[in-house]
Amino acid sequence: MATIVNTLIAGLTQRMVQARLNSADARPFLFGKHFPVKRVNGFMWSTLQNQLAKQNVAADLHTDNGTIVRKRRPIFESAKGDIPFISISRELKRSEIKDYQTALAFAQDADATKLVEFWGADVDFCFNGVQSELEYIAWALVSNAGKLSFTTSNNATFANEFDLDYDVDAAKQKKYTGSNWGVANTADIIGDLATVIKAAKADGMNPKFGFVNLDTFYKIASADQIVKACASYVQNAVGMAQTPDLEQVNAMLRRQAWLNGLQLVVIDQTITREAQDGTQTSANPFATDRMVLSNSLTLGRTQYDILAENNPAIIRAERAHTVIKKYGTAEPQGEITIGQADAVPVLDSAYSNVYLKTDGSAWS
């Protein structure tokens with residue numbers, strides 16, 4: 001095992017690493033908006049309880065001397081588990097240390113800010129790596145109806161003890177369309193949505209937003225029914241209707257009497273995963289041919305805790321749930337950067353969402 005020593009980057013301080021971490025751009029990641037970050041105690045996650053208990057139940061008329069009817073308390077609908085450990089690292093190897101030392105000699109002083117390319121990029125890489133994993137978990141989980149398994153295809157270090165399954169109500173929440181939305185001339189998107197939303201409201205849910213990935217939105221926007229519904233009278237009359245954009249589709253959906261003011265939210269994201277053999281694959285973690293109907297833009301919370309550490313040889317910086325560490329190793333000689341988080345996106349809305357397959361086939 002390598003011996004940990006102080007950083008090999010001359011002049012590098014904790015304040016420099018903290019400043020670099022604070023400046024990292026988190027805007028490309030969507031989970032922070034729809035799964036806001038929240039610290040918890042004890043490295044355990046849990047969903048909010050009673051997510052189906054918020055509908056208003058009307059009072060009844062009673063006689064003056066009669067017994068008041070007791071309303072039932074809702075069954076707790078909650079899930080919980082251990083918060084997983086997420087980590088990624090990069091090494092500045094001995095051959096690259098030579099390049100750094102050459103650059104340092106030409107710089108003529110030990111000012112690490114002038115040689116930021118030798119350490120700053122690894123801080124950014126590790127920060128982005130942690131956010132990418134949380135982004136993947138959030139959208140893969142929600143688009144697969146609260147179920148996510150970790151295998152060697154989506155996790156280089158297989159750890160199936162953190163498989164997630166919210167065990168949602170299949171009969172009420174896992175629906176499929178009556179038509180295949182990928183077939184432009186036969187897709188009845190408005191009719192399918194009206195049917196699903198009516199059933200959802202009867203079961204105490206109140207869908208206001210429909211989350212889809214970019215491929216599924218393209219199928220929706222390209223469907224003959226949607227193109228015609230979004231076009232003006234003149235465009236339809238002369239056959240000049242064109243594929244609408246998200247704003248036009250949402251404006252049309254808002255006008256539909258039976259769709260509860262539904263608005264689409266498009267998840268356009270690409271996560272790259274590297275296997276142990278170095279091969280990389282990139283894909284949108286939000287599954288295609290799925291729509292998640294929710295009553296809120298907030299689907300849950302990214303819950304985290306921080307493990308206290310105190311090693312004087314290690315430079316350590318924190319930003320919310322993310323910890324960055326830097327240190328050197330004597331044998332083999334190198335500079336290590338680690339990004340880590342004890343964090344997980346928690347699907348608080350698991351039991352108030354409708355999970356819709358849009359290809360006309362039932363959930364397997």
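Start by selecting R316 and E318: these two form a salt bridge, with their closest N and O atoms 2.5 Å apart. (A salt bridge here is a side-chain nitrogen of Lys or Arg within 4 Å of a carboxyl oxygen of Asp or Glu.) Before going on, note that this is a predicted model, in which local features need pLDDT of at least 70 and side-chain atom pairs count only at pLDDT 80 or more, while totals for chains, interfaces and linings use all residues. Residues are numbered from 1 along each chain as its sequence is written, and side-chain values use heavy atoms, leaving out hydrogens and water.

**Around the first pair**

Are R316 and E318 buried or partly exposed? R316 counts as buried, at 17% relative accessibility, whereas E318 is partly exposed at 33%. (Buried means under 20% relative accessible area, exposed over 50%, and partly exposed in between, with a 1.4 Å probe and protein chains only.)

Together with R316 and E318 they are linked in a network of salt bridges. K325 meets E309 with the closest N and O atoms 2.9 Å apart. K325 lies in strand β16 (residues 322–330) and E309 in the loop between β14 (301–305) and β15 (315–319), so this pair ties together parts 16 residues apart in sequence. (Helices, H or I of at least four residues, and strands, E of at least two, are DSSP runs numbered from the N terminus.) K325 is buried at 9%; E309 is partly exposed at 35%.

Next, select D122 and R90, whose side chains form a salt bridge of 3.4 Å, N to O. D122 sits in helix α4 (residues 120–143) and R90 in strand β5 (residues 85–92), so the pair joins parts 32 residues apart in sequence. D122 is buried at 10%, and R90 is partly exposed at 36%. By the rule given above, the count comes to twelve salt bridges.

**On to a sheet**

Switch to a cartoon view and look for the open sheet of five strands, in the order β8-β18-β13-β9-β10, with mixed pairing. (Two strands pair if DSSP finds at least two bridges between them.) Its edge strands, β8 (174–176) and β10 (263–267), each pair on one side only.

Which strand pairs with β10 in the parallel sense? Strand β9 (residues 209–213) does, over five bridges. Select F211 to find its bridge partner in β10, V265.
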